[in-house]
Amino acid sequence: MGFYREAGIEVDIVHPSATLSAMNRIRRNESQATTLQVCQAMEIIDSGIPLVNILQTSMNNAMVIVSRRNADPLTQKGARVGIWSVGFGQLAICMSQKDKLNYEWVRFATNVNLFIKGAIDATLAMSYNEYYQLLQAGYELNDNNVYRFCDHGYNVQEDGVYVTREYYSKHKAQAKAFADASRRGWEWAAEHPEETLDIVMKYVQQNHIATNRTMQKLMLQEILRLQLDRESGKREFRLREDMVKLASDLMVEYNMLGNEVSYEQLIQD
Amino acid sequence: MTSPLQYIRQSLSRKLSLWIVFFAAIIFNVALGFMFSQSLSAVRQEAEGRATRELDNTVLRVNSILQRVETVADNTDWLVLGHLETPDSMFTYTRRILMNNPELNGCSIAFEPWYFPGRGLYFSAYSYNDNGNILTTQEGNDYYEYFYMDWYQTAKLLDRPVWTEPFFDFNPGDIYSKDMIASYCKPLKDEYGVYIGTIALDVSLGWLSETISAVKPYPNSYSMMIGEGGTYFVHPDTTKLLYQTIFTETFERPDNAISELGHAMLRGEEGIRQLRMDGKECYVFYKPLGTTGWSVAIVCPEKDIFGGYIRLQRIVVFIVIIGLILMLLVFSRIVSRELKPLRTLADQTGSIAQGNFEQTLSDDGRTDELGRLSQSFVNMQHSLISYIDELKRTTATKASIESELKVASSIQAGMLPRVFPPFPERKDIDLYASMIPAKEVGGDLFDFFIRDEKLFFCVGDVSGKGAPAAILMAVTHSLFRSASAHESDPAVIMRDINETVCLDNSANMLFVTMFLGILDLPTGHLRYCNAGHDSPYILNKNLSTLECKPNLPLGILSEMKYSTQECVLESGSTLFLYTDGLTEAMNASYEQFSDKRVERVLSDCCEKNLSPRQILDTVWEEVHAFVQEAPQSDDLTMLSLRFTPSQFATLLSESITLNCDIGRIPELNSFIQDIGKRLNMDPALISQVQMALEEAVVNVMNYAYPKERNNGFVTVKATSDGHELRLVVIDSGIPFDPTLHEKADTSLSVEDRPIGGLGIFLIRELMDHINYERVDGRNILMLMKNLS
């Protein structure tokens with residue numbers, strides 16, 4: 001772990017199982033830091049576990065809805081829509097309520113097989129992941145059958161690195177060093193995409209992950225694109241207060257949060 | 001160095017052989033092309049049949065196993081539904097199913113969360129055949145929420161039995177299959193038709209992969225299977241298994257053929273496609289696999305299918321090429337041998353062509369086309385020899401004629417005056433002329449001479465070229481000389497020439513244009529007659545044209561009446577005469593020199609006041625510059641004469657008028673004596689002058705007034721500048737030009753001589769010059785004598 005080693009911290013990266021979310025590992029104190037989407041973090045804070053965002057990597061929302069039969073997702077009232085069992089998709093639930101689409105949410109574990117098999121009418125997908133899996137499966141995706149949340153007033157940041165506030169208060173320096181090293185890692189990846197892919201593919205092969213270099217290349221390109229702030233065009237690595245406010249308001253309005261979760265509740269002291 | 005094309009062109013045998021081989025090659029090509037095309041079609045059909053058969057058999061074999069699995073599931077659900085009150089029995093059922101069906105890898109009977117409230121959130125009985133050792137467990141836990149798994153949900157959501165996409169299971173908290181498996185999942189429904197769970201029967205894809213991979217109709221062919229998402233589940237390249245779909249490679253290297261194949265397979269179609277895979281041309285045979293939604297394909301490289309065919313094709317093409325080469329060589333030899341007489345003939349005729357007419361042409365007795373050709377050449381040789389002899393004679397004759405024509409041409413040139421200035425002693429006339437002949441002897445002529453102080457001149461042009469024109473020119477020239485020897489009227493001279501030229505000319509159709517002028521040198525009085533010739537130019541202060549009647553050319557109409565025109569040529573004037581060889585001189589663009597250019601050049605000459613010779617030189621230079629290298633097509637004749645009468649400074653001027661009475665002659669003699677003395681003349685000279693004058697005056701007195709002699713008068717005017725004495729005898733009698741009388745033939749007796757002839761003879765002998773003019777109805781005879 002080059003950058004972490006340079007920062008003097010020992011890091012063990014553990015992958016959660018298909019159905020057990022990373023947050024469960026935090027709850028069980030099996031991990032100290034985890035990646036969460038902003039909405040997930042808010043839900044957890046709302047449930048009474050204070051968290052601190054020590055690094056925000058995503059600057060844009062990557063979620064899309066893809067529907068079968070080349071139909072506009074917004075016309076699919078009451079459709080069965082796949083959603084990750086690990087707890088992404090809060091904004092989709094808000095949108096379903098707001099637009100009175102009454103989607104029937106079907107939780108899935110990891111891949112897009114339910115969609116491919118025709119067991120569901122539409123599925124949520126990440127523009128850097130399932131979206132490309134569907135393309136690889138021979139689906140034709142276009143403006144008609146793809147709904148991008150970021151283009152419809154739901155551009156809320158996603159992945160960030162979180163620790164419990166309790167842990168943070170005790171290991172501030174370590175958390176900061178971990179965050180800085182992670183940030184350096186992403187910056188290096190942006191400058192060295194091919195080398196980054198080499199490293200990724202090494203672990204893909206070691207762990208028999210069902211993916212390929214073409215797929216990983218597309219994923220990396222998309223993730224790096226999502227890291228650029230729309231307004232500044234730069235990789236800012238910061239939580240945006242306006243996006244936190246937007247997410248909080250939506251989730252409070254549609255009863256996904258008991259109380260508002262403020263920007264201050266998420267950031268470091 | 002001879003190029004290959006030239007090498008071929010030089011030999012008929014080579015050309016003939018090549019043509020034969022060329023057409024043979026075309027025929028072979030068409031025949032072989034047809035044969036290859038038919039063979040190709042047959043090989044393709046055979047390959048299609050073979051691959052399709054193998055594919056069908058494989059699909060059939062796989063389907064039979066899959067169907068066995070489906071039958072097991074169908075036979076199990078009633079058992080489960082009948083024992084829902086005893087959840088633990090489910091473990092027994094899963095174990096029994098595996099025991100009874102060793103081809104199964106695992107079996108799950110999974111229920112909805114909290115279905116058995118006493119068993120908690122998770123209840124899924126699972127047995128796993130670990131190499132014959134059957135392990136059983138309740139597989140649901142926090143790390144493996146089975147009800148979110150595809151195998152569970154697909155059957156539930158689709159509400160029908162379904163095969164999952166092949167997958168690797170992962171349950172970190174319990175036992176699970178390490179193999180790639182595919183599950184046949186059947187939804188379980190209670191007596192009310194409510195979904196309560198899913199039965200899943202797992203099969204390892206190892207045997208499936210082995211079965212499908214074993215299909216290998218050709219050495220380098222391979223089989224593959226893709227799932228409903230296009231993922232490779234069977235493929236010889238293990239790096240693609242599970243990790244790639246059939247579309248993955250088209251992301252970076254778009255390939256419509258592969259994309260279309262993928263979509264066709266995903267649609268569950270069956271068929272054959274020809275496309276390029278992994279850099280090789282291949283045939284892909286594909287077919288769906290039962291109800292699984294998967295598709296199996298056999299990829300056969302074209303090389304494998306058509307290997308034997310291509311080998312055969314190469315061998316046949318090789319044999320044909322060798323055959324054609326041999327054919328070329330053999331035909332070349334045969335044709336060469338057959339054409340040998342032709343070559344011999346070509347050599348022999350070549351020798352004849354070089355002038356060796358005695359060359360013997362071989363006759364090998366052949367009766368075919370070559371034999372006939374050879375005979376024809378023999379005949380031709382004989383004809384040629386005769387013809388050449390004839391030609392030699394003709395050529396000799398022609399050479400002789402040409403030589404004679406050259407002589408004629410030089411004679412013709414010699415007939416024309418060649419010495420310039422022609423009258424060096426005279427100051428009143430400067431004349432220059434030239435005739436530049438065209439290549440052939442031509443018909444231009446010019447001539448001039450002075451008789452009795454009159455300058456006779458002419459320029460003429462005979463129509464046509466060659467000997468007839470030259471002869472007519474010579475004739476015309478002679479006629480001019482002879483006619484003007486005793487005649488001073490241009491019209492009369494012209495008429496005389498015309499009459500002679502017209503004689504026997506009707507057959508020749510030749511004619512002559514001519515301008516004829518007679519310039520009276522003492523007075524500048526010019527009389528002229530034109531016969532169809534271009535009007536001369538007068539160069540004075542300005543350029544002008546001498547007014548001429550056109551009249552018919554000579555030799556056309558013998559009765560033609562020509563008339564004399566006259567004018568007085570001013571002192572210093574220059575006459576310019578020419579033939580149409582000047583105006584019609586042509587350059588390489590067939591453009592004529594034209595009147596316009598002639599007038600421009602002559603105007604320049606006017607301004608520069610050039611002498612006749614300079615005028616001719618200037619005109620010739622301009623013509624030469626105009627025509628440049630273009631050959632001269634016609635004779636070019638120019639004549640230019642400048643008239644500058646010398647001023648006669650009169651020291652003495654006396655006159656005497658006598659009536660026609662011989663008795664007054666003594667007065668005349670006194671008159672002369674007196675003048676002689678005044679001019680201090682030698683008595684002998686006075687005597688000569690007196691004798692000549694007396695002859696002239698007596699002649700007038702006797703013959704000028706035949707009807708009223710007594711009323712006739714004769715006046716004698718004497719003038720002198722001290723160097724010359726001029727005596728002018730003037731009378732109003734009948735016209736009489738003594739200068740026209742031939743010199744008296746003194747050999748004749750007195751009786752035989754014509755009247756007056758001796759007197760005129762005497763006058764000519766005694767005086768230096770005589771000159772006659774008839775002006776205003778008067779005869780004016782001038783007698784001149786040099787005093788020095």
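**Reading contacts, cores and packing**

A: Leaving out residues up to four places away in sequence, Asp190(B) touches Leu81(B) and Ile196(B). Contact means C-beta atoms, placed from the backbone, within 7 Å. This is a predicted model: local features need pLDDT of at least 70, side-chain atom pairs count only at pLDDT 80 or more, and totals for chains, interfaces and linings use all residues. Residues are numbered from 1 along each chain as its sequence is written, while chains are lettered from A and ligands numbered from 1 in the order in which they are written.

Q: Where does Asp190(B) lie?

A: In the loop between strand 6 (180-189) and strand 7 (195-204) of chain B. Strands (E, at least two residues) and helices (H or I, at least four) are DSSP runs, numbered from the N terminus. Asp190(B) and Leu84(B) are 106 residues apart in sequence, yet 9.1 Å apart in space, C-alpha to C-alpha.

Q: Is Asp190(B) buried or exposed?

A: Count other C-beta atoms within 10 Å: 20 or more is buried, 12 or fewer exposed, in between partly exposed. Asp190(B) has 12 such neighbours, so it counts as exposed.

Q: How many residues has the largest nonpolar core?

A: A nonpolar core joins buried Ala, Val, Leu, Ile, Met, Phe, Trp, Tyr and Cys residues through C-beta atoms within 7 Å. Here the largest has 151 residues. Ala41(A), Leu91(A) and Met225(B) are among those with the most contacts inside it. Helix 2 (residues 12-82) of chain B gives the largest share, eight residues. Apart from this core lies another, of 65 residues, including Ala469(B) and Val512(B).

Q: How do helix 2 and helix 8 of chain B pack?

A: Two packed helices are described by the angle between their axes and the distance between the axes. Axes are lines fitted to C-alpha atoms over the stretch in contact, and angles run from 0 to 180 degrees between N-to-C directions. Helix 2 and helix 8 (residues 302-338) of chain B pack at about 165°, with axes 9 Å apart. That makes helix 2 of chain B roughly antiparallel to helix 8 of chain B. Under 35 degrees is roughly parallel, over 145 roughly antiparallel, 65 to 115 roughly perpendicular, and the rest oblique.

Q: What about helix 11 and helix 12 of chain B?

A: Helix 11 (residues 466-485) and helix 12 (residues 490-502) of chain B pack at about 140°, with axes 9 Å apart. Helix 11 and helix 12 of chain B are therefore oblique to each other. Their contact includes Leu479(B) of helix 11 and Ile493(B) of helix 12.

Terms used
Two residues are in contact if their C-beta atoms, placed from the backbone, lie within 7 Å.
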